[in-house]
Amino acid sequence: MSGVFLRPAKPTDAGKLGAMITDAVQARDWKPVLWTAAQDVAHAGMLIDRGWVTVAEDAEHRVLGFLAREGEMVHSLFVTQAAQGHGVGLALLNHAKASNARLELWTFVANHGARRFYKREGFVEVERTDGSTNDERLPDIRFEWHALGVKSPAAGPVLNTQSHHSEEVPQ
């Protein structure tokens, strides 16, 4: 897919981003449905209001994916089913890397595609949990990425804004 353009999210993107979250949950039989589509839209709106969201779109301004980041913490990375495997997630992640010497994120153990993607992009597994502290109650993994030559300070607490998992990346 050529022509992926990145921009800050606008409040009017909340519906599309929320639908992307809903679609991603419905596409995974291992992931429990915890929120309604309306709650997913509200969650996307909250992320946008905080100024955390970068949107990827094509030349026709169709939204292909988004990344929500608070400083070094990637809260969400979603790519539409149709756009997965075409460099959208990579473009969003590289944009976040260009702004930070360190990134961290969580993903579920069951999300094999996301785990492969993050490892391929230089993220290293630093922690696993049994899921008892996340909303979905699913085993999860915390990954970190460091720019070359940057040492890792001790990780701080994670702000859980609904679910702290970066999920929908190219399979």
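This is a predicted model: local features need pLDDT of at least 70, side-chain atom pairs count only at pLDDT 80 or more; totals for chains, interfaces and linings use all residues.

Residues are numbered from 1 along each chain as its sequence is written, and side-chain values use heavy atoms, with hydrogens and water left out. Helices (H or I, at least four residues) and strands (E, at least two) are DSSP runs, numbered from the N terminus.

The helix pair comes first. Two packed helices are described by the angle between their axes and the distance between the axes. Helix 1, residues 14-26, packs on helix 2, residues 37-49, at about 125°, with the axes 7 Å apart. Axes here are lines fitted to C-alpha atoms over the stretch in contact, and angles run from 0 to 180 degrees between N-to-C directions. Helix 1 is therefore oblique to helix 2; under 35 degrees would be roughly parallel, over 145 roughly antiparallel, 65 to 115 roughly perpendicular, and the rest is oblique.

Contact means heavy atoms within 4.5 Å. On the helix 1 side, the contact residues include Gly15, Gly18 and Ile21, and on the helix 2 side they include Val41, Ala44 and Ile48.

Now the cores. A nonpolar core is a set of buried Ala, Val, Leu, Ile, Met, Phe, Trp, Tyr and Cys residues joined through side-chain atoms within 4.5 Å. Buried means under 20% relative accessible area, exposed over 50%, and partly exposed in between, with a 1.4 Å probe and protein chains only. The largest core has 20 residues, and Leu67, Val88, Leu93, Leu103, Tyr118 and Phe123 touch the most other members. Helix 3 gives this core its largest share, four residues. Beyond its neighbours within four places in sequence, Leu67 contacts residues including Trp52, Val74, Leu92 and Leu93. A separate core of 16 residues has Ala24, Ile48, Val53 and Val55 among its members.

Last, helix 4, residues 112-120. Which of its residues are buried? They are Gly113, Ala114, Arg115, Phe117 and Tyr118. These pack against helix 3 and strands 4, 5, 6 and 7.

Glu121 sits in the loop between helix 4 and strand 6. Glu121 is buried, at 17% relative accessible area. Not counting residues up to four places away in sequence, Glu121 touches Leu90, Leu93, Lys97 and Trp145. Gly122, also following helix 4, has a positive phi, near 95°.
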